[in-house]
Amino acid sequence: MIQKEKVSEIVEKYLEGKKYELIDVRVSGDNEIQVEIDAYEGVDVDFCAELNQYIQSQLDREVEDYELEVGSVSLTAPFKTKMQYEKNVGHDVEVLGRDGKKYRGVLVEVNDADFSIDTEVMEAVEGKKKKQKVVKTLCFKYEEVKYTVYDLKI
């Protein structure tokens, strides 16, 4: 079986100095290889084709047959790297905390240890009888989150 680490090394070598980032490599037991890349400006299909050819030039089908797919990360896939968070600052996101609660809002800040979203909540406001919608900034440590995704529902 082709090793995930070997494919990751091949991809990382090719991406050195380029605007793209390796997000994930998956290798099934049947040697079906899936490589996901991303970039701040999006992923160009021609670049995926070039990377696909490069990977093929580094693997020997005579030694071990495989199936290879190179592409961009799905719009609905959870964020896996800090770059994906940074790329989506200003966009609507959905966050599922480890506590099982879902939060929706605009991604406003990304740091090495955490990220923040602005979300609308209903709160009692002094001098008002009814609760009012207010924007509240919520901060999440990455390890406190099951997933964060681009929110298509807002």
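T81 lies in the loop between β3 and α3 (82–87); helices (H or I, at least four residues) and strands (E, at least two) are DSSP runs, numbered from the N terminus. The model is a predicted one, in which local features need pLDDT of at least 70 and side-chain atom pairs count only at pLDDT 80 or more, whereas totals for chains, interfaces and linings use all residues. Residues are numbered from 1 along each chain as its sequence is written, and side-chain values use heavy atoms, with hydrogens and water left out.

- T81 counts as buried because its relative accessibility is 15%; buried means under 20% relative accessible area, exposed over 50%, and partly exposed in between (1.4 Å probe, protein chains only).
- Not counting residues up to four places away in sequence, T81 touches E21, L22 and I23, where contact means heavy atoms within 4.5 Å.
- L75 also lies in the loop between β3 and α3, and L75 counts as exposed because its relative accessibility is 51%.
- With residues up to four places away in sequence not counted, L75 touches Y150 and L152.
- Although L75 and Y150 are 75 residues apart in sequence, they are 6.7 Å apart in space, C-alpha to C-alpha.

- E36 is found in strand β2 and, at 13% relative accessibility, counts as buried.
- Leaving aside neighbours within four places in sequence, E36 is in contact with E21, L22, I23, D24, R26, G71, V73 and K80.
- E69 lies in strand β3 and touches I33, Q34 and V35, not counting residues up to four places away in sequence.
- The C-alpha atoms of E69 and I33 are separated by 6.2 Å, and the two residues are 36 residues apart along the chain.

**The nonpolar cores**

- The largest nonpolar core has 23 residues, of which I33, V35 and I55 touch the most other members; such a core is a set of buried Ala, Val, Leu, Ile, Met, Phe, Trp, Tyr and Cys residues joined through side-chain atoms within 4.5 Å.
- Two or more residues of this core come from each of the elements α1, β1 (21–27), β2 (32–38), α2 and β3 (67–72).
- Another core, of 11 residues, lies apart from it, and its members include L107, F115, I117 and F140.
- I33 touches I2, V7, R26, V27, L59, Y66, E67, L68 and E69, with residues up to four places away in sequence not counted.
- As general background, nonpolar side chains in soluble globular proteins tend to be buried together.

**The packing of α1 and α2**

- Helix α1 (residues 4–15) and helix α2 (residues 45–58) pack at an angle of about 130°, and their axes are 10 Å apart; axes are lines fitted to C-alpha atoms, for helices over the stretch in contact, and angles run from 0 to 180 degrees between N-to-C directions.
- The two helices, α1 and α2, are therefore oblique to each other; angles under 35 degrees count as roughly parallel, over 145 as roughly antiparallel, 65 to 115 as roughly perpendicular and the rest as oblique.
- On the side of α1, I10, V11, K13, Y14 and L15 take part in the contact, and they meet F47, E50, L51, Y54, I55 and Q58 in α2.
- The residues of this contact of α1 with α2 comprise 8 nonpolar, 1 polar and 2 charged; Ala, Val, Leu, Ile, Met, Phe, Trp, Tyr, Cys and Pro count as nonpolar, Asp, Glu, Lys and Arg as charged, and the others, Gly among them, as polar.

**The loop between β1 and β2**

- N31 is found in the loop between β1 and β2 and, at 5% relative accessibility, counts as buried.
- N31 is not a glycine, yet N31 has a positive phi of about 60°.
- In general, most residues other than glycine have a negative phi.

- E123 is found in strand β6 and is partly exposed, with a relative accessible area of 29%.
- E123 touches K131, Q132, V134 and K136, not counting residues up to four places away in sequence.
- The C-alpha atoms of E123 and K133, 10 residues apart along the chain, lie 6.5 Å from each other.
- E126 is placed in the loop between β6 (114–123) and β7 (132–141), and E126 is exposed, with a relative accessible area of 81%.
- A distance of 57 Å separates the C-alpha atoms of E126 and E5, which are 121 residues apart along the chain.
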